[in-house]
2 protein chains.
Amino acid sequence: MTHQPAITQLSALLGDRLVTSQADRDLHGQNESYHPTLLPDAVAYPETTQEVSEIVKICAAEGCPITPFGAGSSLEGQHLASQGGISLDMGRMNKLLAVNDEDLNAVVQPGLTRVELNEELRATGLFFPLDPGANASLGGMAATRASGTTAVRYGTMADCVLALEAVMADGTIIRTGSQARKSSTGYDLTHLLIGSEGTLGIITELTLRLHGIPEAASAATCRFESVEDAVNCVILTIQSGLPMARIELIDEAMVRGFNIYSDAGLPEKPHLFLEFHGSPAAVAEQAALFGDIAEEFGAAGFQRAEKTEDRNKLWSMRHNAHPANKALAPSKGIISTDVCVPISKLAEAIVEAQDKARDMGLSCAIVGHVGDGNYHCGLNVDTSDAEEMKRAKEFVGLLNDSALRLGGTVSGEHGIGLGKTSYMHAEHGPALTYMRAIKAAFDPKGILNPGKILPALNH
Amino acid sequence: MTHQPAITQLSALLGDRLVTSQADRDLHGQNESYHPTLLPDAVAYPETTQEVSEIVKICAAEGCPITPFGAGSSLEGQHLASQGGISLDMGRMNKLLAVNDEDLNAVVQPGLTRVELNEELRATGLFFPLDPGANASLGGMAATRASGTTAVRYGTMADCVLALEAVMADGTIIRTGSQARKSSTGYDLTHLLIGSEGTLGIITELTLRLHGIPEAASAATCRFESVEDAVNCVILTIQSGLPMARIELIDEAMVRGFNIYSDAGLPEKPHLFLEFHGSPAAVAEQAALFGDIAEEFGAAGFQRAEKTEDRNKLWSMRHNAHPANKALAPSKGIISTDVCVPISKLAEAIVEAQDKARDMGLSCAIVGHVGDGNYHCGLNVDTSDAEEMKRAKEFVGLLNDSALRLGGTVSGEHGIGLGKTSYMHAEHGPALTYMRAIKAAFDPKGILNPGKILPALNH
């Protein structure tokens with residue numbers, strides 16, 4: 001083991017919270033997506049920011065890589081220890097430290113998950129709205145700039161974090177932002193750390209914006225004859241300024257998956273899943289306005305879900321898109337990828353993706369946070385079939401090219417990780433040099449999550 | 001003139017768009033706030049991004065400072081050439097390059113002002129909501145992370161910019177962000193440049209989020225017996241989730257200024273100025289809910305402004321806060337300063353500020369974007385009276401200390417510039433080291449707006 005000197009010192013620091021068992025290493029080296037398993041040499045379980053700082057100091061002195069690990073739900077390999085070293089499992093730093101209900105914010109440790117946070121908030125009348133589907137850790141969500149179904153209304157993690165505490169590559173502990181709602185005092189390190197995937201610093205505390213639980217919430221589904229109709233309905237809805245809380249596209253293939261996995265009983269047509277938040281009058285007004293727009297595009301089969309349990313059932317079905325996608329070809333794996341385009345280009349982009357998958361003989365199901373122009377393609381692929389894997393990766397490349405050609409980005413919310421570093425130059429051009437300069441300035445030894453985000457220099 | 005070699009080359013490049021006249025240098029060396037006049041050696045008027053890049057290359061080679069200049073409305077000396085060199089006046093790069101109405105965004109050059117943009121958008125049904133009062137340039141607003149009266153609803157410049165083009169310290173032209181509404185592909189250079197006050201790069205193009213002009217808008221004013229009552233009304237309004245478009249505090253001293261300068265005829269009590277945006281039904285509902293809350297705090301004298309011209313008159317009065325403040329002591333100057341605190345601490349902070357000014361024998365008028373916890377103190381000071389200036393600066397220091405003690409920030413929207421560099425360490429602590437590291441990596445020769453944001457190392 002090349003990192004034995006660091007591991008020996010970390011064992012002395014952490015005792016049985018530094019684990020080298022095969023089982024623990026396996027658990028931290030797996031992922032839900034298509035990336036090969038990549039094992040850390042050891043897993044560290046810090047309990048305090050001070051401990052994270054001590055761990056980083058040891059690793060910095062020994063040149064040992066550190067890969068932060070939240071809930072392990074990232075999809076582009078962000079939590080995989082691609083160069084070995086330490087997997088830094090933040091799971092024991094999972095406390096809700098404060099709810100400042102008068103200021104509509106909460107201070108949390110990074111290992112707390114979004115579902116746990118909302119359970120703890122239940123009595124307060126407040127909630128944390130972001131919902132990427134998985135029960136991700138809040139630190140991981142910040143590190144990967146996650147978003148999900150409600151971002152169309154509440155923004156992404158970039159919009160929901162007021163302040164951070166982080167441990168930097170030499171063990172220095174910094175605080176960014178403040179408890180105030182805005183500030184114009186210097187460089188925005190909060191936004192720099194959000195989305196940096198643990199490559200610039202390790203998030204050890206977050207101050208998150210909360211929202212009042214809406215007085216009324218109402219969900220609905222409806223179907224369309226074509227994906228173009230569904231997406232054009234979304235475009236007009238967003239352009240009309242309707243403050244949708246959720247507006248999700250489920251294409252015909254994914255509806256088939258929902259029918260198999262969740263016994264949804266839906267006609268195999270493109271669907272929109274919707275949610276409205278507000279006062280009872282506002283929700284009724286929004287639903288009526290949406291109904292008028294949807295009618296123009298031939299929407300049919302409206303089903304409403306007003307009661308909390310009905311809404312939960314609906315969104316649980318949506319959140320099970322991954323297993324539902326898998327149910328389309330149970331013996332195969334899933335390559336899940338996402339891109340994001342300007343909303344005016346969304347119908348064009350999605351139709352092109354469907355056509356391309358069909359032409360390439362790939363099984364592809366699409367779900368999309370379409371109010372943001374963000375969509376996910378889930379490919380059913382036999383990961384041991386080199387030829388099918390090659391075709392799938394070619395498809396992902398074409399999808400990325402298409403997103404960039406349409407003025408968009410190669411990832412709306414999954415991030416770069418290991419999976420998309422080769423597209424960084426195509427998307428960012430000369431700006432990539434400045435990202436590298438920040439990495440070099442913040443982490444000169446390259447110990448923080450090496451191999452992620454930035455392509456190797458010869459790429 | 002120490003920068004003659006650069007000026008000679010810039011003259012060759014720009015012809016009569018490189019100006020060294022005393023009048024032009026004076027114009028660019030002045031400010032609306034209390035900072036002493038600081039003259040550039042010359043003023044450059046680029047017309048294209050390529051020209052900005054050429055200018056920067058010459059200045060980089062010659063070690064000549066470059067201070068970007070938008071509309072000259074910054075209040076902390078951001079546009080002052082504190083070390084001489086070139087004032088880079090972006091006023092000729094003032095085109096609206098594109099309106100992407102389907103994607104609710106516009107692409108603009110940095111010299112376009114916010115009022116000019118909204119005039120050009122008039123036929124589209126869209127508008128750019130941010131309103132810092134001054135008719136600032138959009139590039140300057142991004143560079144200083146401006147916000148203003150509508151930020152409580154629409155966010156600050158950090159929330160309103162999708163993408164940037166910038167010229168970096170060696171003349172490299174980069175693009176950050178994309179036309180998509182979100183992205184998770186690498187370090188967030190857009191947010192890093194926003195608020196960097198021209199010290200990391202020169203913004204040469206912006207893609208701005210637009211909003212549909214609300215179907216209905218309604219404004220109102222009301223008064224309270226005390227500042228605590230007014231602010232507590234604001235706190236409860238925000239906590240109730242009312243989507244206020246504007247909610248502004250005018251303290252009793254500033255009301256007196258409005259009465260003198262704008263013949264407002266208002267009772268000399270603390271006032272709130274309000275605006276509601278939405279559908280007619282939503283606006284009516286919001287106004288009624290606000291009325292219920294305000295009643296709890298003893299609000300009286302409700303006056304509504306529904307017609308566009310009445311609303312414009314109201315907000316024009318608010319925007320004239322600076323001359324109204326001056327009208328309280330016409331022979332003196334104004335020191336305008338702002339801080340921002342968590343909204344739960346706002347009443348405490350404002351009452352403390354009023355008391356302190358009174359105790360120190362200073363004339364102080366307060367206006368606040370109170371929905372954000374952000375307020376401005378305008379001190380009437382004889383700038384040639386060293387003793388009064390000393391007291392005023394002491395007051396500003398106490399205000400900053402108080403904001404930090406309450407969990408806030410030493411500036412909500414005016415920025416750091418020259419005026420607040422000495423508070424950067426108190427606010428950011430060890431994080432300041434990482435800001436310095438970014439500056440050193442991006443601008444190793446220190447030619448971009450030197451002396452701004454970062455305190456000298458011996459501070």
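## Arg175 of chain B and its two partners

B:Arg175 is partly exposed, with a relative accessible area of 45%. Partly exposed means between the cut-offs for buried (under 20% relative accessible area) and exposed (over 50%), using a 1.4 Å probe and protein chains only. This is a predicted model, in which local features need pLDDT of at least 70 and side-chain atom pairs count only at pLDDT 80 or more, while totals for chains, interfaces and linings use all residues. Side-chain values use heavy atoms, without hydrogens and water; residues are numbered from 1 along each chain as its sequence is written, and chains are lettered from A in the order in which they are written.

B:Arg175 forms a salt bridge with B:Glu165, with 3.2 Å between the closest N and O atoms. A salt bridge here is a side-chain nitrogen of Lys or Arg within 4 Å of a carboxyl oxygen of Asp or Glu. B:Arg175 sits in strand 9 (residues 173–177) of chain B and B:Glu165 in strand 8 (residues 161–167) of chain B, so the pair ties together parts 10 residues apart in sequence. Strands are DSSP runs of E, at least two residues long; helices are runs of H or I, at least four; both are numbered from the N terminus. B:Glu165 is buried, at 8% relative accessible area.

B:Arg175 also meets B:Glu205 in a salt bridge (3.1 Å, N to O). B:Glu205 lies in strand 10 (residues 202–209) of chain B, so this pair links parts 30 residues apart in sequence. B:Glu205 counts as buried, at 13% relative accessibility.

## Salt bridges in chain A

Over all chains, the structure holds 44 salt bridges. One of them joins A:Glu51 to A:Arg17, with the closest N and O atoms 2.8 Å apart. A:Glu51 is in helix 3 (residues 49–62) of chain A; A:Arg17 is in the loop between helix 1 (4–14) and strand 1 (18–19) of chain A, so the pair ties together parts 34 residues apart in sequence. Both A:Glu51 and A:Arg17 are buried.

## The annotated domain

UniProt lists residues 36–213 of chain A as "domain: FAD-binding PCMH-type", in an unreviewed entry. Such annotations may be inferred rather than shown by experiment; feature names are shortened, and positions follow the numbering used here. Over residues 36–213, chain A is 23% helix and 25% strand. The end C-alpha atoms of this stretch are 41 Å apart.
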